Amino acid sequence: MTETLTTETRETLPTGPSEHHAGTTRILHWAVALLVLLTWPMGLMIGFAKKEVVMNFYLLHESLGFLVLWLMLVRVGNKLVARSPEAEGPAIERFAASSVHGLLYAFLIIMPVSGFLATNAHGFPLKWFGLVEVWSPMGKSPDIAWTLSAIHEWSAWILLALFGLHIGAVLFHHVIRRDRTLFRIL
């Protein structure tokens, strides 16, 4: 049984570079994932932070979100030029995976852009990690500040749902199908 399990496991591992995503894709994927896993809960915690540290939470949350935006823009460029393994599975699964990935990309750009613009519209320009003042494309604009904040908040919840679908698909492929999908991004 141990030998069968080893053979079975060996068959599910990628065997060559063409079966892995490009190194840049893998690094960017995990960097963005880590940043989102830090930034998203931090956004929720801001409402519970003590008044004397709430601005520090905002600064860190906004700075990490701005970093996510730039990494996502690099990811879009990388997606256009980097090699990807050939998609496997039934057409409906490939369509679902492509749709969820496309929506993840979209909301990983919409969310930080709307947060950045909302902060500007509320009258708080971003000073990235407290070091670099970021040019503000708009001044204080209370008329649209709450709309931008709502877009940011809704984007966060949509992103959480998409993240859940993504993780669910990873678990489906890894635990039930026992295919190479997870190993391609590792």
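His-61 is located in helix H3, where helices (H or I, at least four residues) and strands (E, at least two) are DSSP runs numbered from the N terminus. This is a predicted model, in which local features need pLDDT of at least 70 and side-chain atom pairs count only at pLDDT 80 or more, while totals for chains, interfaces and linings use all residues. Residues are numbered from 1 along each chain as its sequence is written, and side-chain values use heavy atoms, with hydrogens and water left out.

His-61 counts as buried because its relative accessibility is 13%; buried means under 20% relative accessible area, exposed over 50%, and partly exposed in between (1.4 Å probe, protein chains only). A polar atom of the His-61 side chain lies 3.0 Å from the backbone oxygen of Thr-39. When neighbours within four places in sequence are left aside, His-61 is in contact (heavy atoms within 4.5 Å) with Thr-39, Met-42, Gly-43, Ile-46 and His-152.

## The second largest pocket

His-61 is also among the residues nearest the centre of the second largest pocket, together with Ile-46, Tyr-58, Thr-119 and His-152. A pocket is defined on a 1 Å grid over the protein atoms alone, as an open set of points where a 1.4 Å probe fits, with protein on both sides within 12 Å along at least five of seven lines; lining residues have an atom within 4 Å of a point.

The volume of this second largest pocket is about 1,000 Å³, a volume being the space filled by probe spheres set on the points, which are joined across faces, edges and corners. Its lining has 32 residues, and H3 supplies the largest share, eight residues. By class, 19 are nonpolar, 10 polar and three charged. Here Ala, Val, Leu, Ile, Met, Phe, Trp, Tyr, Cys and Pro count as nonpolar, Asp, Glu, Lys and Arg as charged, and the others, Gly among them, as polar.

## The largest pocket

The largest pocket has a volume of about 1,500 Å³. Of its 47 lining residues, Ala-97, His-101, His-166, Val-170 and Thr-181 are the closest to its centre. H5 (142-177) is one of the helices that supply at least two residues of this lining, and H5 gives the largest share, 11 residues. The lining divides into 26 nonpolar, 11 polar and 10 charged residues.

## Two residues with positive phi

Phe-129, although not a glycine, has a positive phi of about 50 degrees. Phe-129 sits in the loop between strand E1 (127-128) and strand E2 (132-133).

Arg-178 also has a positive phi, near 55 degrees, and lies in the loop between H5 and H6. Arg-178 is partly exposed because its relative accessible area is 48%.

Conventions
Polar contact = N/O pair within 3.5 Å; in protein donor to acceptor, adjacent residues only side chain to side chain.
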